[in-house]
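Hi there,

Here is the structure I promised to pass on to you. Have a look at it first, and then read my notes below.

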Amino acid sequence: PKVFKLAKDANLIHTTTYNGALPAWLASKLRRKKSVITVHEVFGAKWKELVGMSWLIAKLHQLLERLIIALPFDKYVSVSGYTADCLSHLGVDHRKLEVIYNGIDYHLFNPDRSDGRAVRRRLGVNGVFIYMYYGRPGISKGLGYLIEAVSLISKRIPGSRLLILLAKEPRGRYENVKRMIADLDIEDEIMLLEPVPRNELPSYIAASDCIVVPSLSEGFGFTTAEACAMGRPVVASNVASLPEVVSGKYVLVEPRSPDAIAEGVARVYDGNTQNSSRKIFSWDECVQKYVHLYEGLTAR
């Protein structure tokens, strides 16, 4: 009801996946307003592959996703070419599709403004090879495979440490990560820290020798883009949008494989990375494209 009330004075309605999509679409039809949905990720059949999700829950999520995407919005914005391909595969008319990449704050994620040395001194890891994961313990993030790779990496790079900045929600998955580390008896090889304020995050990235993104799926991949903006080497799963977003010095590895992750980190240690020119994801360009999209819809 509140969406319907607020929509009265709107020129168009813009929503996103997942929960806001249905009320936004209903309000747009009842108010006869144009509608736009930004799709940040499409799991599709991957719902069934995600760790920790029962078959029934996975099917329900997959059905909900299909229902949302089947709603006839006037425009669908995907945050990567990969996501656009997923939408096309699910039957979205390509004429309704727009690819608008998310943006990165290059003022914040600026290696010239970040002091990684101070972080290393504070953590007591000067001279240690540090590889880092940061983000949520989400079911699609593949963190468990990275943790399984720690012992393999330690054999290849003696004395190396995994730095994890991990959100505590979902709480159950956070506790699973802690139990996994304890069960594998690798507490001495991992620094598990609480998330830091966002303005401090670039210094932790700068303090790391590489960033590892072991995701099973990504609609865009902020971690990858932020690490690349900081000029750090990235080891990322060769899935979804990650090959599309990664740049600079990087290694793409087979997903769901601790052995492949360990090999990728070792390649960074040896200086054996792929190299490309840096890709730029500008918020200004993102905003301009959305404005152009809005103008095109409201002018009709």
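**What I found**

Helix H7 (residues 171–183) lies across strand E6 (161–166) and E7, and runs at about 160° to E7. A few words on terms: helices (H or I, at least four residues) and strands (E, at least two) are DSSP runs, numbered from the N terminus. Axes are lines fitted to C-alpha atoms, for helices over the stretch in contact, and angles run from 0 to 180 degrees between N-to-C directions. Contact means heavy atoms within 4.5 Å.

Please keep in mind that this is a predicted model, where local features need pLDDT of at least 70 and side-chain atom pairs count only at pLDDT 80 or more, while totals for chains, interfaces and linings use all residues. Residues are numbered from 1 along each chain as its sequence is written, and side-chain values use heavy atoms, with hydrogens and water left out.

**The seven-stranded sheet**

E6 and E7 belong to an open sheet of seven strands, in the order E7-E6-E5-E8-E9-E10-E11, with mixed pairing. Two strands pair if DSSP finds at least two bridges between them. At the edges are strand E7 (190–193) and strand E11 (274–275), each of which pairs on one side only.

Further along, strand E9 (residues 234–237) and strand E10 (residues 249–253) are paired in the parallel sense over four bridges. Ser-237 stands opposite Val-253 in E10. Helix H11 (residues 258–270) packs on this sheet and touches strand E5 (130–135), strand E8 (210–213), E9, E10 and E11; its direction makes about 160° with that of E10.

H11 also has a helix to meet. The axes of helix H6 (residues 143–156) and H11 come within 8 Å and cross at roughly 50°. That makes H6 oblique to H11, because angles under 35 degrees count as roughly parallel, over 145 as roughly antiparallel, 65 to 115 as roughly perpendicular and the rest as oblique. Among the residues that meet here are Tyr-145, Leu-152 and Arg-156 in H6, and Pro-258, Ile-261 and Ala-266 in H11.

**The four-stranded sheet**

There is also an open sheet of four strands, in the order E1-E2-E3-E4, with parallel pairing. Strand E1 (12–16) and strand E4 (97–99) have a single partner strand each, so one side of each is left without a neighbour in the sheet. Direction ignored, neighbouring strands of this sheet are turned by 20° against each other on average. Helix H12 (residues 283–298) packs on the sheet, touching E1, strand E2 (34–39), E3 and E4, and its direction makes about 135° with that of E1.

Three bridges join strand E3 (residues 75–78) to E4. Here Tyr-76 has Leu-97 as its bridge partner in E4, and Ser-78 has Val-99.

Thr-16 in strand E1 is partly exposed, at 29%.

**The cores**

In soluble globular proteins, nonpolar side chains tend to be buried together. A nonpolar core is a set of buried Ala, Val, Leu, Ile, Met, Phe, Trp, Tyr and Cys residues joined through side-chain atoms within 4.5 Å. The largest nonpolar core here has 50 residues, of which Leu-87, Phe-109, Met-132, Ile-205 and Val-234 touch the most other members. A second, separate core of 36 residues includes Met-53, Tyr-133, Tyr-145 and Leu-216.

**Backbone details to look up**

- A cis peptide bond joins Thr-17 and Tyr-18, with omega about 10°.
- The peptide bond from Glu-169 to Pro-170 is also cis, with omega near 0°, and Pro-170 is in the loop between E6 and H7.
- Ala-240 has a phi near 50°, a positive value in a residue other than glycine.
- Arg-256, in the loop between E10 and H11, has a positive phi of about 65° although it is not a glycine.

Enjoy exploring!

Conventions
Buried means under 20% relative accessible area, exposed over 50%, partly exposed in between (1.4 Å probe, protein chains only).
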